[in-house]
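Subject: Structure for your files

Hello,

Here is the structure I said I would pass on. My notes on it follow below.

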Amino acid sequence: MDVNNLRIPDRFERLRDLGDEKLTSIIIPVEPMLEEIDERFMDMRAADRGSLMILRGTSGAGKSTFLDTIGFFRQRVTTRRIARDSDVGAALRDASGADYTVIVFEGREALGDVSRSEIESAMHEINQFVRSAEGNRSLVVWPTNRDDLTDLLVSIGDSLGREALFGISDPVTSFQGPPKVDYARIAQQTVSVLNEGASLDALGISGDLAEDLAQKSDTIGNYLARIRSAAVRAGAQVEKLLTKERYRLWTLTVSGNDVEGDVAALTRGGFSAADVDRLLSSTGANVVRDLKEHPEQTGILGTVLDARIINMDMVCILAVTRTYGSPELHRVMQARDMITAKDSSAARRLVESDLGILLQGNPLGTRKRGPKPGSNTKDAFAKLTEISRANDGLLNDALGRGLVDTGLIDSYETERNLGTDLVFNSDIYCLKDGAPIRLELMWRSSTGRAAIANYVLGKINNYGRAIGII
């Protein structure tokens with residue numbers, strides 16, 4: 001996830017395009033209000049007529065969110081909206097249906113939004129509608145955020161017949177929104193759905209900070225705005241430190257066993273972004289203790305560094321070393337009785353690999369597993385890992401050559417220093433469209449989730465300290 005493309009809206013209107021499936025993972029039920037709606041519908045059924053509810057709540061409390069999503073928590077309830085410029089009478093009739101309907105007046109929450117004459121006219125239309133056969137299953141809701149409009153609606157309603165219009169309930173229903181204890185959970189779910197599965201930690205917002213912001217917020221809308229501001233501020237602070245280079249840290253796992261599932265478990269989204277929360281919970285190495293002392297910096301680091309974890313299968317890397325290896329590498333390979341003849345499939349395998357797909361700017365999607373490597377392939381790869389212990393630079397150089405030859409990158413260097421006071425070298429420094437990508441290769445005869453997490457966190461820690469963020 002790019003912090004420059006961060007999306008954390010604080011108004012429900014910006015979420016309507018998500019569709020019900022994603023919305024259901026964000027929205028939580030506001031039980032007291034759902035119980036109020038249940039009572040209104042029960043009274044309407046008994047009276048065989050519709051009703052009007054004046055819903056008073058502070059701007060940002062979540063009135064629109066609640067009203068639009070009642071159907072997620074109550075069967076056979078549909079929400080319809082009447083736009084500000086609609087003909088009220090016609091719109092009410094069009095909105096009614098066979099099932100129970102919540103009809104919401106939009107754009108009329110304060111007196112400044114609508115004139116007194118329009119209010120009086122609308123109230124007369126509502127009064128006629130809820131008494132009619134067409135409106136006997138409709139609960140008309142007029143949201144307000146100002147007392148002057150609320151009092152005016154009550155006054156007009158009283159003149160039209162309070163019980164017939166409002167039922168026996170209080171004409172004004174107070175909306176408080178979700179409780180503060182749920183704010184952080186709502187924010188986490190919203191951030192995750194809208195930002196490729198990112199967490200609050202990945203935005204530089206620790207659990208303690210999230211709770212502190214909740215206590216300072218009057219409404220869920222205000223809270224989401226504070227979360228967004230904190231995330232933008234954290235990203236901006238880190239960006240100021242990246243004066244020489246926009247660092248991108250991609251870790252490539254090259255292993256003799258199948259770690260595709262482990263890599264998937266440690267990443268999120270189609271671009272294989274490293275999930276710092278999962279990394280921290282997957283290993284008990286010392287680096288975890290060190291990083292947990294800087295929770296906000298660690299989370300934002302994974303995002304700002306564009307940290308990714310990418311798997312490369314042994315068949316592909318063997319083809320690459322045979323085809324693009326230097327004469328020196330081939331001499332080392334031949335000394336171990338390895339084949340060094342060019343592999344005609346090397347370029348294709350590299351372009352179609354996870355690394356190749358990501359370098360082309362495409363998401364990974366669902367991958368098809370290739371045939372299981374045979375014993376000869378496994379033996380050859382075991383010899384490559386032996387070479388990596390003393391000559392990993394030769395292997396990394398072969399991959400760099402292959403990436404250039406296939407057009408996946410423009411140029412490369414091996415063992416390129418970060419250029420900071422603390423000396424850390426990247427295995428392969430790639431330039432792609434003028435922007436650098438630093439590849440760190442994890443050569444292992446066999447590895448697993450904890451070891452991968454430890455390796456990636458170690459790199460994040462090193463980069464963070466070198467840059468000055470940690």
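Lys180 sits in the loop that runs between strand E5 (172-174) and helix H8 (183-194); helices (H or I, at least four residues) and strands (E, at least two) are DSSP runs, numbered from the N terminus. Lys180 is partly exposed because its relative accessibility is 31%, where buried means under 20% relative accessible area, exposed over 50%, and partly exposed in between (1.4 Å probe, protein chains only). Leaving out residues up to four places away in sequence, Lys180 touches Ala214, Gln215 and Ser217, a contact being heavy atoms within 4.5 Å. Lys180 and Ser96 are 84 residues apart along the chain, and 35 Å separates their C-alpha atoms.

Before the rest, a word on the conventions. This is a predicted model, in which local features need pLDDT of at least 70 and side-chain atom pairs count only at pLDDT 80 or more, while totals for chains, interfaces and linings use all residues. Residues are numbered from 1 along each chain as its sequence is written, and side-chain values use heavy atoms, with hydrogens and water left out.

On the protein as a whole: it has 20 helices and 12 strands. The C-alpha trace spans about 100 × 45 × 40 Å along its principal axes. The radius of gyration is 30 Å, whereas a compact globule of 470 residues would have one near 23 Å; the radius is taken over C-alpha atoms, and the globule rule is 2.2 Å times the number of residues to the power 0.38. Of the 470 residues, 50% count as buried. Among contacts between residues at least 6 apart in sequence, 72% join residues at least 24 apart. The protein exposes about 21,000 Å², with carbon and sulfur atoms supplying 45% of that area (Shrake-Rupley method, 1.4 Å probe; for residues, only the protein chains shown count as cover). There are 58 positive and 67 negative charges, and their mean positions are 4 Å apart. Lys and Arg count as positive and Asp and Glu as negative, with His and the chain ends not counted; each charge is placed at NZ of Lys, CZ of Arg, CG of Asp or CD of Glu.

Two helix residues come next. Ser388 belongs to helix H19 (residues 375-405) and counts as buried because its relative accessible area is 11%. Its side chain reaches the backbone oxygen of Thr385 at 2.6 Å. Not counting residues up to four places away in sequence, Ser388 touches Leu395 and Trp443.

Ile452 is in helix H20 (residues 449-467) and is buried, since its relative accessibility is 0%. With residues up to four places away in sequence left out, Ile452 touches Thr253, Val259, Asp262, Val263, Leu266, Ile309, Met442 and Thr447. Ile452 and Pro295 lie 157 residues apart in sequence and 20 Å apart in space, C-alpha to C-alpha.

Finally, two loop residues with positive phi. Ser272 is not a glycine, yet its phi is positive, at about 60°. Ser272 lies in the loop between strand E7 (267-268) and strand E8 (273-274), and it is buried because its relative accessible area is 4%. Asp306, also a residue other than glycine, has a positive phi near 50°. The loop that holds Asp306 runs between helix H14 (295-304) and strand E9 (308-312). With a relative accessible area of 14%, Asp306 is buried.

Regards

Key: A polar contact is a pair of N or O atoms within 3.5 Å; within protein, one must be able to donate a hydrogen and the other to accept it, and residues adjacent in sequence count only if both atoms are side-chain atoms.
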